[in-house]
Protein chains: 2
Amino acid sequence: MADLDKMANVRIDGLQYSNYDRELFEDLITAGLHTIHVTLAYWEDARQCMTLFSKWNRHFIDHADLIMPVKTGDDIVKAKELGKVGIVFGAQNCSPIDAELGLVQVMNDLGLKFMQLTYNNQSLIGAGCFEDEDPGISRFGKNVIAEMNRVGMVIDMSHSAERTTLEAIDISSRPIAITHANPTTFKASRRSKSHAVLKSLTQRGGMLGFVLYPLFLKDGADTKLEDFTEMVADTADKYGVDNIGIGSDLCRKWPYEVVEWMRNGSWTHETVYGEGGAGVREWPKQPHWFQKSSDFFKIEKGLVKQGFHSTEIDKILGLNWYRFMDESFKPA
Amino acid sequence: MADLDKMANVRIDGLQYSNYDRELFEDLITAGLHTIHVTLAYWEDARQCMTLFSKWNRHFIDHADLIMPVKTGDDIVKAKELGKVGIVFGAQNCSPIDAELGLVQVMNDLGLKFMQLTYNNQSLIGAGCFEDEDPGISRFGKNVIAEMNRVGMVIDMSHSAERTTLEAIDISSRPIAITHANPTTFKASRRSKSHAVLKSLTQRGGMLGFVLYPLFLKDGADTKLEDFTEMVADTADKYGVDNIGIGSDLCRKWPYEVVEWMRNGSWTHETVYGEGGAGVREWPKQPHWFQKSSDFFKIEKGLVKQGFHSTEIDKILGLNWYRFMDESFKPA
């Protein structure tokens, strides 16, 4: 691992899903972010992921002055040194491996370093948070977890149901992540995480990324920055300051059809509005203080005002993610 | 590049397609081979290649003491130092990239370092050697060649038709390969290569691998080792000794159905026997002096008897392939 002093002020967003173009990449630079974890896939299968990777390969050529791929902790160090934004790829579902255990390594070789085991629904591995029943981790799932542990792909349980999440934490031989979610005490939602989950997650060295997606904020778009930083402080009090970060879930420049597809995929012919409320055919509005990546500075100011020490702020805004990724991305 | 003196006696087989198991890997070690180029795919598409890569990933785990993946010239040096056999992957057709230009880089990232542009038939890129018409390189093909040049994936024209081959040599900004074929002067066959092709290929720094597949040997299985080494000498006289190597095309432990599938893929409902002759439902017999990888030694003895100097033999049996691969596998 690189000198932690040198990396102390690294800034990392633990999840974004935007329709990236040069303007958005420039905004990441303005934000002072050194690395972001971007969602490559929601419902896409293995073959479709190849096309998504090739689209990103074009981004890396067309915007080589702004971004670079990240597969290791050393790549994050390099991105910071070069003044570029490192891009870590993840999937919000296990669809990228189809039903084939060997594709864990193939996807890892292509640079998929995070994978959710479920996205809202029952998957081949476990239950998503919107299912009524939660049978926990399947037979295939146990093999997938072991394989992810072996190659150094991080298990992400952001959209998973409670029992499935707790079992994943237990079964995994390495710490896992919940890249983008808030505690249920902040917002009662099927997407929020219970004390039992957060305790087990952090005790095993796992990471929680606080989400800024408005449906999981206390008062939606009206949530105040102070409310958010108070939640961070409350969580730090309960679970310490070493296992928390930001996973903003920032989604920019997408038409409404994309959030509809995120919710509906190809698994239903009805329209599912999720927690957006029936009939609301638009992306949920962001709070005024977090509209874009470069608003990351405002969170930093908020944490100062909340009373966090600068070393704590460094941990929350990037150093914790850096340490976690550096360790987790290595093969076992 | 590593010290050429250190690599002088490197031994490389420029093409094999066997049903590998521990016995065959051990035979490669016995052969004194340091690297082989193996065929990953014939007709398989992008998705199917992911499964083929994952099968090889299991081989690398199960036989880690014998084999290792090779993506660069340095990997060949490492394999030689470790006493392992390096495995370079190639495809005998352009099917691994479907109809999608971006998949060239994706496949290269997964370790596909050679790709034929056509396999016997017309492809999206050009004409195979068994087509009656040869329109040369297509619009898509020109883009694919440029992309292969960029990422460092070698163009292989072993099974391509004459005009398509000559155009590929011209269009490519980097030297190309014919990994496994013999001159037409040795064996009249649609799979053999004309003087025009061999002259253009070698003048541009491209490589020819002499094939030991019996259908492309002068007298089939009855061809004498002396006939083979005489062909090597004749070719060296005409085109020099720096652009020739071995691409044995050794195929072991496959049932007959596999050669049938190699010939028929899914493009016909009739049975095509290729140059094997109608009704011959078996793999062609190998000459007695080349039945297995460890018979590579006999070729070496034959080349000595033929009058080659030891430095020439080193070039033909591996050093030329090493230099070519080391240079060609680098991104442009």
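## Burial and overall form of chain A

A residue counts as buried if 20 or more other C-beta atoms lie within 10 Å of its own. In this predicted model, buried residues make up 48% of the 332 residues in chain A.

The secondary structure of chain A consists of 12 helices and nine strands. Chain A has a radius of gyration of 18 Å, close to the 20 Å given by the globule rule for 332 residues, so chain A is as compact as a globular protein of that length. Along the principal axes, the C-alpha atoms of chain A fill a box of roughly 45 × 40 × 40 Å. Among the contacts in chain A with a separation of 6 or more, 70% are between residues 24 or more positions apart.

## How the two copies are related

Two copies of a chain are related by a rotation about an axis and a shift along it.

## The interface

Chain B has 14 residues in contact with 14 residues of chain A. On the side of chain B that touches chain A, helix 3 (46–62) and helix 5 (103–110) of chain B each supply at least two residues. Helix 3 of chain B gives the most, with seven residues. By class, the residues on this side of chain B are six nonpolar, five polar and three charged.

Of the interface residues of chain B, 100% are also interface residues in chain A, so the copies meet through the same surface.

## Helix 11 of chain B and its partners

Two packed helices are described by the angle between their axes and the distance between the axes. Helix 9 (residues 225–239) and helix 11 (residues 296–306) of chain B pack at about 65 degrees, with their axes 9 Å apart. The crossing of helix 9 of chain B past helix 11 of chain B is right-handed. Helix 9 of chain B takes part through residues including B:Phe228, B:Thr229 and B:Val232, and helix 11 of chain B through residues including B:Gly302 and B:Leu303. The residues of this contact between helix 9 and helix 11 of chain B are five nonpolar, three polar and four charged.

Helix 11 of chain B also packs with helix 12 (residues 310–328) of chain B, where the axes come within 10 Å and cross at roughly 150 degrees. This crossing of helix 11 past helix 12 of chain B is right-handed. B:Glu300, B:Leu303 and B:Val304 of helix 11 meet B:Ile313, B:Ile316 and B:Leu317 of helix 12 in chain B. The contact of helix 11 with helix 12 of chain B has five nonpolar, no polar and one charged residues.

## Leu303 in chain A

In chain A, A:Leu303 lies in helix 11 (residues 296–306). A:Leu303 has 22 other C-beta atoms within 10 Å; the cut-off for a buried residue is 20 or more, so A:Leu303 is buried.

Leaving aside neighbours within four places in sequence, A:Leu303 is in contact with A:Thr229, A:Val232, A:Phe308, A:Ile313 and A:Ile316. A:Val151 is 152 residues from A:Leu303 in sequence, and the two are 35 Å apart in space, C-alpha to C-alpha.

Key: Residues numbered from 1 in each chain as written. Chains lettered and ligands numbered in written order. Predicted model: local features only at pLDDT ≥ 70, side-chain atom pairs only at ≥ 80, totals over all residues. Contact = placed C-beta atoms within 7 Å. Helix = DSSP H or I, 4+ residues; strand = E, 2+ residues; numbered from the N terminus. Nonpolar A, V, L, I, M, F, W, Y, C, P; charged D, E, K, R; others polar. Rg over C-alpha atoms; globule rule 2.2 N^0.38 Å. Buried ≥ 20, exposed ≤ 12 C-beta atoms within 10 Å, placed from the backbone. Axes fitted to C-alpha atoms, helices over the stretch in contact; angles between N-to-C directions. Left-handed = near helix turned anticlockwise from the far one by under 90°.
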